[in-house]
Structure formats: structure tokens, C-alpha cells
Amino acid sequence: MNVVANKMGIYLDNAATTKVDNTILDELNSFSQYYANPSSQYDMAIKARKRIEQIRKEIADFINAESEEIIFTSGATESNNFALKGLALANPQKKHIITSMIEHPAIIQTCKALEKQGYKIDYIPVNEDGIVDVDKIKQKINTDTLVVSVMHVNNEIGTIQPIEHIAAICRQKGVYFHTDAVQSFRKIDIDVKEGNIDLMSISGHKINALKGIGVLYIKIGTRIKPLIDGGEQEFKLRSGTENTWGIISLGKAIKIFQEKEKILKLRDDLIRELLKIKGSKLNGSETDRIYNNVNVSFYGIEGESLMLLLDEDGIEVSTGSACSSHSLEESHVLKAINVPELYIHGSIRITLSNDTTNTEVNTVVDKIKERVDKLRQLSPFKLEDEI
Amino acid sequence: MKKITKDMTFAEIFENNSNAGFILMQKGLMCGGCPMAQMETLEQGCIGHGLPVDEILEELNKPAKKDE
């Protein structure tokens with residue numbers, strides 16, 4: 001059964017969200033008669049509860065955590081809010097937070113909200129590859145520091161951060177370490193114990209599960225308070241009736257095999273071919289990059305126009321530039337890695353999946369070449385000025 | 001160089017002022033790389049993005065004054 005019918009089926013925006021896997025839909029169908037509230041006491045409810053607890057254990061094992069360290073949430077935005085604000089509530093004596101300049105808005109905006117409440121936030125810069133300056137983090141940690149939050153993989157440029165290095169520093173200095181692992185979970189093996197991770201945010205819909213389900217891993221012993229009060233579900237840390245279907249979908253999603261080698265090869269082919277276009281540039285690291293991410297800029301054109309033209313061709317990608325929205329803000333990530341202005345507006349992000357084929361990659365390359373040419377004919381920014 | 005007016009399309013403005021793309025970009029308008037520039041006027045673009053059209057118009061006409 002197909003949940004989403006798209007025009008031509010070349011969906012390359014898998015960092016934004018993913019297609020719900022068919023095996024997950026089958027699993028949900030087979031469990032649909034267990035719709036009882038898992039907190040109730042009769043047989044149907046007990047079956048739902050057992051299933052939830054079994055999945056909690058499987059997710060815990062997947063990252064080498066304990067079951068009671070897995071807290072189900074509505075998604076990564078809630079997990080990120082919960083991590084930082086929950087720590088702040090439980091540890092009011094500490095008023096300093098360290099994060100990076102290229103975090104997802106779910107962290108940046110949470111930090112801004114805490115800033116308004118009197119917290120001092122240090123946004124650590126990154127180098128041109130998008131790797132955070134670890135020495136600077138080390139320098140900034142002081143006795144007032146509550147938590148360091150650095151994402152594992154960046155959602156726009158796919159840069160993999162040295163989180164184990166940062167986490168080790170935090171552990172040594174007695175500061176909590178949180179990571180937003182939305183873009184890395186199931187792509188990169190994570191061992192929270194070995195990696196000294198205290199808190200970690202996970203999202204379901206980025207890995208073929210349903211939207212509206214996420215996890216915050218919280219290491220046992222972490223001083224944290226809930227943001228949502230109510231029926232005291234999730235070890236009294238996150239009230240609200242459990243999202244049984246979401247949890248089942250997540251449990252199934254972690255078992256879906258990822259064809260990493262295949263995707264990596266297609267990604268590298270795509271990067272190589274796109275960089276043959278004159279006035280093009282790869283944003284982010286060539287090496288420390290998640291295997292399904294491509295982010296390229298084309299000189300003198302507007303990324304959103306390119307994205308819309310590709311949509312006409314049935315190809316779905318995303319862009320860091322949003323000229324049609326009221327806000328004319330450039331991507332804070334591309335700005336942080338110093339992408340020149342005439343490239344920053346012409347960026348697109350292409351994120352591959354198990355479903356991506358060689359034929360699709362070839363089609364995308366041809367269409368992008370054609371559309372970039374067309375847009376450049378209209379642009380007053382001439383390539384000769386750049387080259 | 002022809003005087004730029006707010007009812008000109010972005011494409012007409014680019015034809016008349018070779019520096020216009022860069023001036024608009026500094027204001028956050030990447031209209032130079034957008035196909036809408038063929039149809040949309042400066043005024044429409046500025047209203048759409050909540051930018052002060054008269055201020056931008058003055059800026060666009062500055063090089064013309066220098067040339068005279």
C-alpha cells in the first residue's frame with residue numbers, strides 16, 4: 001500500500017522526512033485491535049503495555065541504554081525542548097549553556113527562549129567544513145555551565161560532529177552532554193554508554209516511522225524535570241497517553257536494514273557530476289559527512305527557483321533559501337561555514353534513501369544541469385565574473 | 001542610464017543598471033537568480049517581502065546620479 005503518491009516518485013528530501021515503510025504499515029494493521037489505553041488494566045490494555053515495554057527495551061538495546069532511560073515523546077522538537085528546559089528546571093543554580101552555531105531551530109530557539117529567562121548561551125562557531133570548534137567548547141565550560149548540546153549530524157550539510165570527543169570533555173568536567181541525533185540515528189551506530197552521552201534526541205519520521213513519535217534518552221541519575229504534567233506516564237517524566245502506534249512504528253523502523261554502501265556510492269556519483277557544472281560548490285565536509293547528504297550551491301541563481309523547477313520535473317529536493325516566504329533570512333548553517341553570498345542563495349539539499357536508484361540519480365543530474373542553465377540565462381550575475 | 005522606477009520589472013532594472021543585482025542582494029533580495037524577476041515589479045517584490053520600496057529605489061538610482 002502506498003501512503004503518499006507523488007508525481008514522479010523521485011523523492012530526495014529524506015532529511016526532511018521519510019516514507020512510512022510498508023512493513024511498518026503491515027505491523028500497525030496487525031496490531032490495530034489493541035487500541036486500549038496502555039494504562040488500563042484489562043487484557044487488551046495489558047497487551048498494548050507489554051508491546052510498548054518490549055519496544056522500549058529494543059530501542060534501549062539499540063543504543064546500549066537501559067529501558068528506563070528511554071522516554072517516548074512527540075518528536076525531536078519536544079525532546080530537544082525537554083532536554084534543555086527540563087535540565088534548566090531541575091538545576092536552577094546553573095545558568096550557562098553551550099551549543100553550536102549550526103544547530104536545528106529546535107535547539108537554537110529553545111536556547112533563545114532560555115536566554116530571555118536569564119541564561120547565558122554560547123553559540124560555538126564551526127570551521128568551513130561545518131565542524132564545531134571543540135577547543136572553544138572546552139574553554140567556555142565553567143562552574144556555571146549546565147549542559148553542552150551539539151548535534152550529531154547537521155540536517156542541512158550532513159557534517160558529522162566529533163560528539164564522543166565533546167562528550168568525554170563534558171563528562172570529565174561534570175557537565176551534562178546532550179546531542180540531537182535526529183539525522184544520525186540508525187545511520188551511525190551510537191553507544192550512549194561508551195560515548196558518554198547523557199541525553200539524546202531521536203525522531204521517528206526521519207527513519208520511516210510515523211510522524212509524532214520521538215525519544216529522549218536520559219541517562220539514569222540525570223537531574224531533570226518534566227515539561228508536561230498529567231497522568232505521570234513515562235516514569236513520571238512525560239505525561240500523556242502513550243502513542244502506541246507511533247511507538248510500534250519506531251520499534252519496527254530501527255530494524256530496517258540500511259543499504260549504506262549503495263547510498264554512499266550514489267551520493268558520491270551525484271556530488272561528482274553536480275560539481276562538473278561550472279560555478280558549483282559542495283557545502284560542508286567531503287569526508288565527515290553523512291552518507292546520504294548532498295548540499296550544493298550554484299553561483300548566481302536562486303535555490304528556491306531551482307527547487308520549484310525541479311518540482312515541475314517531479315523531483316523533490318529542498319533549499320536553504322526561501323525567497324517566497326516573508327522572511328529573507330539566509331541559512332544560518334551556510335552563513336556559519338562562510339559560503340560566499342552569491343552561492344548561499346543558490347543552494348539545494350538532496351538527501352537519498354534506500355529507495356534511490358542509479359537511474360534517478362542520472363535523471364536528477366540531467367535536470368539540474370538543464371534548470372541551472374535556464375536560470376543563469378535570466379540572472380544578471382554572470383558566471384564570467386566569478387570564474 | 002534610464003531612471004529606475006518602481007513599476008519596472010526586476011528584469012528591466014537589471015538591463016538598466018548592471019549593479020542592480022548586487023544592490024538588491026545586499027537588501028536580501030536574490031531576485032537576480034529568480035525567474036519571477038521577468039514579471040514582478042520592484043514595488044510588488046518589495047511589498048511581498050515587506051521592504052521599503054522608496055529607500056531601495058533611491059539606492060538603485062544612485063549610480064545614475066553619479067554618471068550624470
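Predicted model: local features only at pLDDT ≥ 70, side-chain atom pairs only at ≥ 80, totals over all residues.

**Cores, contacts and charges**

Let me begin with F177(A). Apart from neighbours within four places in sequence, F177(A) is in contact with V147(A), V148(A), V150(A), I163(A), I166(A), A167(A), C170(A), N196(A), I197(A), D198(A) and L199(A).

F177(A) belongs to the largest nonpolar core, which has 63 residues. Within that core, the residues that touch the most other members are F72(A), I137(A), V148(A), I166(A), F177(A) and M200(A). Which element contributes the largest share of this core? That is helix 6 of chain A, residues 163-173, with five residues. There is also a second, separate core of 28 residues, and among its members are L274(A), Y291(A), I315(A) and V364(A).

I turn now to the place where the chains meet. On chain A, 17 residues are in contact with 17 residues of chain B. The size of an interface is often given as the accessible area lost when the parts come together. Here, chain A and chain B bury about 1500 Å² between them, and 72% of that area is on carbon and sulfur atoms. Which elements of chain A give two or more residues to the side that touches chain B? They are helix 11 (341-344) and helix 12 (358-378). Sorted by class, this side of chain A has eight nonpolar, seven polar and two charged residues. How many salt bridges are there between chain A and chain B? The count is zero. As for polar contact between the two chains, there is one residue pair, with both residues at pLDDT 80 or more.

K27(B) counts as partly exposed because its relative accessibility is 29%.

My remaining topic is charge pairing. Side chains of opposite charge can pair when their charged atoms come close. Over all chains, the structure holds 28 salt bridges.

The pair I would show you to start with is K140(A) and D122(A), whose side chains meet in a salt bridge at 3.9 Å, N to O. K140(A) lies in helix 5 (residues 134-140) of chain A and D122(A) in strand 4 (residues 120-124) of chain A, so this pair ties together parts that are 18 residues apart in sequence. Are these two residues buried or exposed? K140(A) counts as partly exposed, at 34% relative accessibility, whereas D122(A) is buried, with a relative accessible area of 11%.

Another salt bridge joins the side chains of D268(A) and R267(A), at 2.9 Å, N to O. D268(A) has 34% relative accessibility and therefore counts as partly exposed. R267(A), with a relative accessible area of 4%, is buried.

The side chains of K335(A) and E330(A) also meet in a salt bridge, at 3.9 Å, N to O. K335(A) is partly exposed at 43% relative accessibility, and E330(A) is partly exposed with a relative accessible area of 21%.

Finally, which residues are linked in a network of salt bridges? They are R49(A), E53(A), R56(A), E234(A) and E242(A). Thank you for your attention.

Terms used:
Residues numbered from 1 in each chain as written. Chains lettered and ligands numbered in written order. Heavy atoms only, no water. Buried < 20%, exposed > 50% of the residue type's maximum accessible area, 1.4 Å probe, protein only. Contact = heavy atoms within 4.5 Å. Buried area = accessible area lost by both parts, 1.4 Å probe. Salt bridge = Lys/Arg side-chain N within 4 Å of Asp/Glu carboxyl O. Polar contact = N/O pair within 3.5 Å; in protein donor to acceptor, adjacent residues only side chain to side chain. Helix = DSSP H or I, 4+ residues; strand = E, 2+ residues; numbered from the N terminus. Nonpolar A, V, L, I, M, F, W, Y, C, P; charged D, E, K, R; others polar. Core = buried A, V, L, I, M, F, W, Y, C linked by side-chain atoms within 4.5 Å.
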